[in-house]
Amino acid sequence: MVIRELTEDDFLPIHSVVYDWWGGRQMSVMLQRLFFQHFNQTSFVIEDNDKMIGFLIGFLSQSRENEAYIHFVGVHPDYRHVGVGRRLYEHFFQKILENHENMIVNCVTSPVNKNSISFHTKMGFEILSSPDKIDGIFVHKNYNGIKNDDVVFVKQISKI
């Protein structure tokens, strides 16, 4: 498996698989071209024998010093549970620590995405508390719009 920086040429190939990779959920609206144009140095594609099997779109915050955000991650269904997502996250962590001693990494997921919640907690992310819970999990109401509740994660990373 090879990890490389995301390019604008990856925009349509990724859009063409998102619907299937998410079991019919309409997620492609979260993947605007601007991510493929402006966040290449912190966004990645992982390939196996020249076949795209995953991607991560992340960036350093311009407003919050020493913070980064993982916006979107996808792994081909045939390659789940073999460490592809973990490799992408670890590559992202390594990249953002190149010029920083410590960083806080933020990300969110839908409360219905139990696999994502499990993955993030296994990766050492903490779920930020809130007054509201769904199925025992803290959720932030209207986090990304009206009736758009999210589970919010944070992880402190540092150079070893």
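**Figure 1. Thr109, a buried residue of strand 5.** At 8% relative accessibility, Thr109 falls under the 20% limit and therefore counts as buried. The model shown here and in the views below is predicted. Thr109 lies in strand 5. Its side chain makes a polar contact with the side chain of Ser116, at 3.0 Å. Setting aside neighbours within four places in sequence, Thr109 is in contact with Ser116, Ile117, Asp150, Val151 and Phe153. One of these, Val151, stands opposite Thr109 in strand 9.

**Figure 2. Strand 9 and its two partners.** Strand 9 covers residues 151–158. Eight bridges join strand 5 (residues 102–109) to strand 9, and the two run antiparallel. Strand 6 (residues 126–127) is joined to strand 9 by two bridges, again antiparallel. Here Glu126 stands opposite Val154 of strand 9. Six of the eight residues of strand 9 are buried, so the strand is largely enclosed by the rest of the structure.

Figure 3. Seven strands form an open sheet in the order 1-2-3-4-5-9-6, with mixed pairing. Strand 1 (2–5) and strand 6 are the edge strands, and each pairs on one side only. Strand 2 (residues 44–48) and strand 3 (residues 51–60) run antiparallel, joined by five bridges. Within this pair, Val45 stands opposite Phe55 in strand 3.

**Figure 4. Two helices against the strands.** Helix 3 (residues 84–96) packs on the sheet. This helix touches strand 1, strand 2, strand 3, strand 4 (67–75), strand 5 and strand 9. Its direction makes about 155° with that of strand 4. Helix 4 (residues 114–122) lies across strand 5, strand 6 and strand 9. The angle between helix 4 and strand 9 is about 20°.

Figure 5. An α-helix has 3.6 residues a turn, so residues three or four places apart point the same way.

Figure 6. Leaving out neighbours within four places in sequence, Val105 is in contact with Ala68, Ile70, Phe92, Phe93, Ile96, Phe125, Phe153, Val154, Lys155 and Ile157.

**Figure 7. Glu67, a buried residue of strand 4.** Glu67 is found in strand 4. Is this residue, Glu67, buried or exposed? Its relative accessible area is 17%, under the 20% limit, so Glu67 is buried. The side chain of Glu67 makes a polar contact with the side chain of Asn106, at 2.9 Å. Not counting residues up to four places away in sequence, Glu67 touches Leu60, Ser61, Met103, Ile104 and Asn106.

Notes:
Residues numbered from 1 in each chain as written. Predicted model: local features only at pLDDT ≥ 70, side-chain atom pairs only at ≥ 80, totals over all residues. Heavy atoms only, no water. Buried < 20%, exposed > 50% of the residue type's maximum accessible area, 1.4 Å probe, protein only. Helix = DSSP H or I, 4+ residues; strand = E, 2+ residues; numbered from the N terminus. Pairing = 2+ DSSP bridges. Polar contact = N/O pair within 3.5 Å; in protein donor to acceptor, adjacent residues only side chain to side chain. Contact = heavy atoms within 4.5 Å. Axes fitted to C-alpha atoms, helices over the stretch in contact; angles between N-to-C directions.
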